[in-house]
Protein chains: 2
Amino acid sequence: MKIVVIGATGTIGSAVVKLLKQKHQVIAVSRSSGDHRADITNKTSLEAALGAIGKVDAIVSATGSAVFKPLVALTDADFERSLHDKLMGQVNIVRVGAQHILSEGSITLTSGVLAQKPVQGSAAISLVNAGLEGFGRAAALELQSARVRVNVVSPPWVKETLIVLKMDPSSGVSADEVAKAYAQSVEGNATGEIIDARKTAA
Amino acid sequence: MKIVVIGATGTIGSAVVKLLKQKHQVIAVSRSSGDHRADITNKTSLEAALGAIGKVDAIVSATGSAVFKPLVALTDADFERSLHDKLMGQVNIVRVGAQHILSEGSITLTSGVLAQKPVQGSAAISLVNAGLEGFGRAAALELQSARVRVNVVSPPWVKETLIVLKMDPSSGVSADEVAKAYAQSVEGNATGEIIDARKTAA
């Protein structure tokens, strides 16, 4: 398969590239490096990158940022940035990407465990992650007639991220294990699924 | 209890007012009529209305619009309007409203069954509804220390709405039945719950 990975340089993205490269042709896309560059918050930029690549079997998104801050400290700008980047950025990947997928191909987005299991400071991220899951289910339904599958991978806390945050990594799952959820979405037949990367890691 | 209902003139809102009035003092708020007027997309407007009312035991939101349109037809402006109104408008109700709730009081938001069960045309609404549920769970956690409960009621398709849309109302639940879910949120002790109004209607 020919697979585009957007956000290829991140903790999860680089693990996804490494895993998918074992069996597939992977085209790495990110904001500032990789085979092609694209800014997901800009549909023109996405269209240019995907147009240059041509039709592919799958697009995987492992990108998008949202603001982690206590609810009382979250400003209008923090919410806007979170909605604009991780949420609408990935919505854009579906809106633009659907035109660039071969029949029976797939688009895989990334949400996260905070959608269902919030922590102090996650209000904007929980909103964004849950919103992506609702959108992913709906987009899968709408794109069935175009034979494009859409799934959303929900990663748990990632060991490598917990280490960076100076938190206890023992409850985390390694990025290499999380990557298996993306491979399942790309290589399987599911659509409209929220894939819990804690389960696929087992 | 003293309860503010925002969106008091809508199909669900008016049923909620009717039910809660049987036992409580209800202050009706809506954009263009009611005891007080407020535009949920404008925090200053919300702050003015809630400030004038004074501290209350509960705020119920049964308001907010989002665009119903096929995914391929949804424009950037459609997504922006949906995020700005039903999603961030209700997020604003929590951000502003939390300061106006008496200890052990509650804020109840409205999502909808399309969060989990999309239909053709619901991509923006499914995103918004699911996002509200993720936000509600997180806000409940953050506001526990302030002794403010937060729940989200998820109404099924409402009979009265189906009739207006010229769809078969037989699978719908009446607004009066849906209102019971809001009473449960206000009168109970739950927080961080997504209350399925199909279940409370039974």
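In chain B, the residues B:Lys43, B:Leu46, B:Glu47 and B:Leu50 of helix α2 meet B:Asn92, B:Ile93, B:Arg95, B:Val96 and B:Gly97 of helix α3, where contact means heavy atoms within 4.5 Å. By class, this contact of α2(B) with α3(B) has four nonpolar, two polar and three charged residues; Ala, Val, Leu, Ile, Met, Phe, Trp, Tyr, Cys and Pro count as nonpolar, Asp, Glu, Lys and Arg as charged, and the others, Gly among them, as polar. Helices (H or I, at least four residues) and strands (E, at least two) are DSSP runs, numbered from the N terminus.

The model is predicted, and local features need pLDDT of at least 70, side-chain atom pairs count only at pLDDT 80 or more, and totals for chains, interfaces and linings use all residues. Residues are numbered from 1 along each chain as its sequence is written, chains are lettered from A and ligands numbered from 1 in the order in which they are written, and side-chain values use heavy atoms, with hydrogens and water left out.

Helix α2 (residues 43–53) and helix α3 (residues 76–97) of chain B pack at an angle of about 50°, and their axes are 10 Å apart; axes are lines fitted to C-alpha atoms, for helices over the stretch in contact, and angles run from 0 to 180 degrees between N-to-C directions. The two helices α2(B) and α3(B) are therefore oblique to each other, given that angles under 35 degrees count as roughly parallel, over 145 as roughly antiparallel, 65 to 115 as roughly perpendicular and the rest as oblique. In passing α3(B), α2(B) makes a right-handed crossing; a crossing is left-handed if the near helix is turned anticlockwise from the far one by less than a right angle, and right-handed if clockwise.

With a relative accessibility of 6%, A:Val96 counts as buried, where buried means under 20% relative accessible area, exposed over 50%, and partly exposed in between (1.4 Å probe, protein chains only). Leaving aside residues up to four places away in sequence, A:Val96 touches A:Lys43, A:Leu46, A:Glu47 and A:Leu50. The C-alpha atoms of A:Val96 and A:Leu50 are 8.3 Å apart in space, although 46 residues separate the two in sequence.

How do α3 and α4 of chain B pack, and at what angle? Their angle is about 20°, with axes 10 Å apart, and α3(B) and α4(B) are therefore roughly parallel to each other. Here too the crossing of α3(B) past α4(B) is right-handed. On the α3(B) side the contact includes B:Phe79, B:Leu83, B:Leu87 and B:Val94, and on the α4(B) side it includes B:Leu127, B:Leu132 and B:Phe135. By class, the contact of α3(B) with α4(B) has 11 nonpolar, four polar and one charged residues.

Helix α4 (residues 123–142) of chain B has 20 residues and reaches 29 Å from its first C-alpha to its last, close to the 28 Å expected at 1.5 Å a residue; the expected span is 1.5 Å times one less than the number of residues. This helix, α4(B), is mostly covered, with 19 of its 20 residues buried.

In helix α1 (residues 11–21) of chain A, the residues A:Ile12, A:Gly13, A:Ala15, A:Val16, A:Val17 and A:Leu20 are buried. These buried residues of α1(A) pack against β1 (2–6), β2 (25–30), β4 (56–61) and α6 of chain A.

A:Ala190 is found in the loop between α6 (175–187) and β7 (194–196), and A:Ala190 is partly exposed, with a relative accessible area of 33%. Not counting residues up to four places away in sequence, A:Ala190 touches A:Arg149 and A:Asn151, while A:Ala190 and A:Val150, 40 residues apart in sequence, are 8.1 Å apart in space, C-alpha to C-alpha. A:Arg147, placed in the loop between α4 and β6 (148–154), has a positive phi of about 60° although it is not a glycine, and at 48% relative accessibility A:Arg147 counts as partly exposed. A:Glu104, found in strand β5 (residues 101–110), has a phi near 75°, a positive value in a residue other than glycine.
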